[in-house]
Amino acid sequence: KSIVAIVGRPNVGKSSLFNRIIREQKSIVEDIPGVTRDRIYGNAEWLTREFLVIDTGGITLADEIFAKEIKIQAEIAMQEADVIIFALNFKEGLTDQDHMIAKILYKTKKPIILVVNKYDKKGSDNDMFEFMSLGFGNPIMASSTHGIGIGDLLDAVVYQLPKVENTQKDDTPKIAIIGKPNVGKSSLVNSLVGEERMIVSDIAGTTLDSVDTQVQYNNKKYVLIDTAGIRKKGKIYDGIEKYSYLRSLGSISNADIVVLMIDGTQSITDQDTNIGGLAFTEHKPIIIAVNKWDLVKNKEKAILEKEEEIRSYFKYLQYAKIIFISAHDKIRIGKIYDAVDHINEMLKKTIKTSVFNEILNRAQLVNPAPDHNGGRLRIYYGSQVEAYLPTFVMFVNNPHYVHFSYKRFLENQIRLQFGFEGVPITLIFRERK
Ligand code: GDP
């Protein structure tokens, strides 16, 4: 998915623009414990193109001087985004701070769309001149509170998005390695690349600074996403927590499979669960790699304890496979490739309708649905439908009778019976006429 970033000084109305663009879709993000509530990104769709929007204004720093903060926001946008929306305020006109941002943005080759917000009056072309002096072309005059100009803005954004490649999707799995700083991501990339010393090539990614690396293991190809971003260290904004979410988000959205790394020598923190939550909300197959396991004593007991800790902290990631590794000592690194292969197979797996219905019937016999919303769920039949992730449609007496715990039970039954380890399963309930 492409990324669109909104930059601009405070008080130009970045977040109301942001909300307009994502149309305040309340996503499931809010309801998952451990997932960040502070929204700085959202999914948007316009003219059938889907993209992610980042509100860089949400990335604020305590105690930082304004100039530095603006610089960081603009640089993050330049680094992460495919298209940048530079927001200005009509009522206040151009300020020194706007010029400061413009100066940073001049350095990028990425498309920049100028939007002049808070433009609530009847327009005349003269209103644009001041803003055109920035050299980013004609601005789009908009009012996010009144919903004026938003369609034009989105037209311009979509026009500038990278073209979707229509070439047949090759089935080399794309793997994103995510995790908070210092869990060992770059060590893992180095080990994965070093395995069998068979680097095929570095593929230049869509965004300027992202580089994907193609690797080969047991004669199979894999792509590690955004290896440059993982390896490049020491940027001024490396320490910013929200930035590491964004970084992860970018990689996750481009990946087929996500490897979430945690440090096995430490307890799980909010930062771990927040990043894991991103992978979950983006519906990605996931492998949890517990790293630095070389340092852990009494390993057998520790494995059980760690697994329990993970299962309780990452409740929503029950489907994830857990692997204990040492990226540094290259121990059990191959297991990651094995898990990726397994997930790939699961994604291609089709379940016969007759077998699926047998499982459904048995599940209902063993554990009949509870009363919920004034009725009891009856599932008549179901079948798998064509989709990237395993997806099943079930025809029922009334979809409102589905209790989420019963849905989870069915999910677990299906997972258990068919071995869908590591992949999210989607269940859709439809009323049978
Ligand atoms: P990143 O920020 O997630 O990319 O983490 P790095 O790969 O830079 O690793 C952070 C630190 O942990 C470095 O000092 C690594 O040498 C160390 N480290 C990484 N993996 C392992 C491991 O498996 N075992 C041990 N003992 N140290 C590790």
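Is Asn219 buried or exposed? Select Asn219 and you will find that the residue is exposed, because 7 other C-beta atoms lie within 10 Å. For the cut-offs: a residue is buried if 20 or more other C-beta atoms lie within 10 Å of its own, exposed if 12 or fewer, and partly exposed in between, with C-beta atoms placed from the backbone.

Before going on, a word about what you have open. This is a predicted model, in which local features need pLDDT of at least 70 and side-chain atom pairs count only at pLDDT 80 or more, while totals for chains, interfaces and linings use all residues. Residues are numbered from 1 along each chain as its sequence is written.

**Stop 1: the loop with two asparagines**

Stay with Asn219, which is in the loop between β9 and β10. Helices (H or I, at least four residues) and strands (E, at least two) are DSSP runs, numbered from the N terminus. Phi of Asn219 is positive, near 65 degrees. Asn218 counts as exposed because it has 10 C-beta neighbours inside 10 Å. As background, most residues other than glycine have a negative phi.

**Stop 2: the open sheet**

Next, colour the strands in the order β2-β3-β1-β4-β5-β6: these 6 strands form an open sheet with mixed pairing. At the edges stand β2 (41–46) and β6 (140–141), each with a single partner strand, so one side of each has no neighbour in the sheet. Two strands pair if DSSP finds at least two bridges between them.

Zoom in on β3 (residues 49–55), which runs antiparallel to β2 and is joined to it by 6 bridges. Two pairs to pick out are Trp46 with Arg49 and Gly42 with Val53. The two strands make a hairpin with 2 residues between them, and Leu47 in the turn has a positive phi of about 50 degrees. With β1, β3 pairs in the parallel sense over 5 bridges; here Ser2 has Phe51 as its bridge partner. Because 5 of its 7 residues are buried, β3 is largely enclosed by the rest of the structure.

**Stop 3: helices on the sheet**

Select helix α1 (residues 14–22), which lies across β1 (2–7), β2, β3, β4 (83–89) and β5 (112–117) and runs at about 160 degrees to β3. Then show helix α5 (residues 150–160), which packs on the sheet, touching β1, β2, β3, β4, β5 and β6, with its direction at about 170 degrees to that of β5. Axes are lines fitted to C-alpha atoms, for helices over the stretch in contact, and angles run from 0 to 180 degrees between N-to-C directions. Two residues are in contact if their C-beta atoms, placed from the backbone, lie within 7 Å.

**Stop 4: the ligand**

Which residues come nearest the ligand? Of the 17 around it, they are Gly184, Lys185, Ser186, Ser187 and His328; a residue is near a molecule or strand if its C-beta atom, placed from the backbone, lies within 6 Å of it. Helix α6 (residues 185–194) gives the most to this shell, with 3 residues.

**Stop 5: confidence**

Finally, colour by pLDDT, the predictor's confidence in each residue, from 0 to 100. The protein averages 85, and 86% of the residues score at least 70. Confidence is lowest in strand β8 (residues 199–204), at a mean of 41, and highest in strand β12 (residues 286–291), at 97. The complex has an ipTM of 0.94 and a pTM of 0.75 from the predictor.
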